[in-house]
Amino acid sequence: MISVETPIDERVMLLKKLRETLLRQRDKFRNYLNLLEKEEAAIINDDMEKLEQHIQLEQSIIQEIYSIQRVINPLEDMYRVAFPEKEATIPELKISLEKLKGMVTGRNLKNRILLKERMENLRLQIKNLPHAFTAASPYATIGVPSMVDISL
């Protein structure tokens with residue numbers, strides 16, 4: 001475990017590792033934000049193939065963000081012990097990450113609302129389709145049978 005008495009080299013190495021990991025997470029959030037913008041365009045243009053591709057990419061980016069977060073949590077714990085006086089660059093990075101998270105959350109909510117509206121619109125269109133497309137049964141006009149022939 002790293003403490004305040006730990007040599008400077010180890011503390012600097014920890015700081016660099018935490019900074020690199022936070023920067024990777026920030027890049028993933030930016031990629032996710034760009035993907036959400038493309039996803040919004042696919043929803044607006046009713047391009048379901050692109051929307052499906054974006055959703056698959058979205059799932060992989062989210063998994064990467066969670067795996068990076070699992071690395072960040074222990075690094076932050078070690079950072080708090082090694083730097084009780086707070087170092088300057090990490091808090092700034094965390095603030096920018098929180099802003100990006102807020103932007104991603106807002107964009108995601110906007111896309112979900114937009115998608116919900118599109119789905120409701122499609123439901124109404126399907127409901128209002130004329131029933132002329134259903135073919136009538138050829139046996140509908142012969143009437144109800146009254147006798148059944150069971151002989152062979």
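Modeller: This is a predicted model. Let us begin with N111: leaving aside its neighbours within four places in sequence, N111 is in contact with L36, E39, E40 and I43. N111 itself lies in helix α3.

Colleague: Why is N111 called buried?

Modeller: N111 has a relative accessible area of 2%. Buried means under 20%, so N111 is buried.

Colleague: What makes the pair of N111 and the backbone oxygen of L36 a polar contact?

Modeller: The backbone oxygen of L36 lies 2.9 Å from a polar atom of the N111 side chain. The cut-off for such a pair is 3.5 Å, and 2.9 Å is within it.

Colleague: Which other residues of α3 are buried?

Modeller: Besides N111, the buried residues of α3 include I90, L93, L97, L100, V104, N108 and L114. What covers the buried residues of α3 includes α1 and α2.

Colleague: Why might residues on one side of a helix be a few places apart?

Modeller: An α-helix has 3.6 residues a turn, so residues three or four places apart point the same way.

Colleague: How do you know that the span of α2 agrees with the value for 1.5 Å a residue?

Modeller: α2 has 35 residues and should span 51 Å. Its end C-alpha atoms are 50 Å apart, so the two values agree. For α3, with 39 residues, the reach from first C-alpha to last is 57 Å, close to the expected 57 Å.

Colleague: What do the buried residues of α2 pack against?

Modeller: They pack against α1 and α3. Among the buried residues of α2 are L51, H54, E58, I61 and I65.

Colleague: Why is D46 called partly exposed?

Modeller: D46 has a relative accessible area of 45%. Buried is under 20% and exposed is over 50%, so D46 is partly exposed. D46 lies in the loop between α1 and α2, and has a positive phi of about 55° although it is not a glycine.

Colleague: Which residues line the largest pocket?

Modeller: The lining consists of F29, Y32, I62, I65, Y66, K101, V104, T105 and N108. The volume of this largest pocket is about 190 Å³. By class, its lining has 6 nonpolar, 2 polar and 1 charged residues.

Colleague: Which helix gives the largest share of that lining?

Modeller: α3 does, with 4 residues. α1, α2 and α3 each supply at least two residues of the lining.

Technical notes:
Residues are numbered from 1 along each chain as its sequence is written. This is a predicted model: local features need pLDDT of at least 70, side-chain atom pairs count only at pLDDT 80 or more; totals for chains, interfaces and linings use all residues. Side-chain values use heavy atoms; hydrogens and water are left out. On a 1 Å grid over the protein atoms alone, a cavity is a set of points where a 1.4 Å probe fits but cannot get out, and a pocket is an open set with protein on both sides within 12 Å along at least five of seven lines; lining residues have an atom within 4 Å of a point. Grid points are joined across faces, edges and corners, and a volume is the space filled by probe spheres set on the points. Ala, Val, Leu, Ile, Met, Phe, Trp, Tyr, Cys and Pro count as nonpolar, Asp, Glu, Lys and Arg as charged, and the others, Gly among them, as polar. Buried means under 20% relative accessible area, exposed over 50%, partly exposed in between (1.4 Å probe, protein chains only). A polar contact is a pair of N or O atoms within 3.5 Å; within protein, one must be able to donate a hydrogen and the other to accept it, and residues adjacent in sequence count only if both atoms are side-chain atoms. Contact means heavy atoms within 4.5 Å. The expected span of a helix is 1.5 Å times one less than its number of residues.
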